[in-house]
Amino acid sequence: MIGIAYNIFDGTELLRKSIESVRSSVDYVCVVYQNKSNFGMPSMVNLPEMLAEFISDGLVDEIVEHVPKVMTGHANEIAKRQTGLDMCRRAGCTHFMSMDCDELYRHDEFTKAKAII
């Protein structure tokens, strides 16, 4: 069972297309999002509203908000990716991919890669 976790704050204009490029090839998609950047800047997009639409469209299975702690940006990014991995494990996934909004895959190439892996 393959799970994908998206780590987002910005770049969301590409998110729908990225998810659509892999959704039919995976079993579970979750999104870990931030409403504020690692440095306190607010999101330019209403992420909860956008992600609720993705859930109702069947693109995303689960979302969770990550609230950055006072540490380095790098440490917050690692924490977000760990949350995504944990969510996929809880969903029963045996294989995992951490993705960003700007990653897109061709269906046939993704399917071939899955067969090799």
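**Notebook: pockets and cores**

The model is predicted: local features need pLDDT of at least 70, side-chain atom pairs count only at pLDDT 80 or more, and totals for chains, interfaces and linings use all residues. Residues are numbered from 1 along each chain as its sequence is written, and side-chain values use heavy atoms, with hydrogens and water left out.

A pocket here is an open set of points on a 1 Å grid over the protein atoms alone, where a 1.4 Å probe fits, with protein on both sides within 12 Å along at least five of seven lines; lining residues have an atom within 4 Å of a point. Volume is the space filled by probe spheres set on the points, which are joined across faces, edges and corners.

I noted I2, H95, Y105, R106 and E109 among the residues lining the largest pocket. The largest share of this lining, four residues, comes from α4. Helices (H or I, at least four residues) and strands (E, at least two) are DSSP runs, numbered from the N terminus.

I then turned to the second largest pocket, with about 200 Å³ of space. Of its 15 lining residues, N7, I8, F9, D10 and E77 are the closest to its centre.

Buried means under 20% relative accessible area (1.4 Å probe, protein chains only). Of its 20 residues, Y6, I8, L15, I19, L51 and F54 touch the most other members. β1, α1, β2 and α2 each give two or more residues to this core.

Terms used:
Core = buried A, V, L, I, M, F, W, Y, C linked by side-chain atoms within 4.5 Å. Buried < 20%, exposed > 50% of the residue type's maximum accessible area, 1.4 Å probe, protein only.
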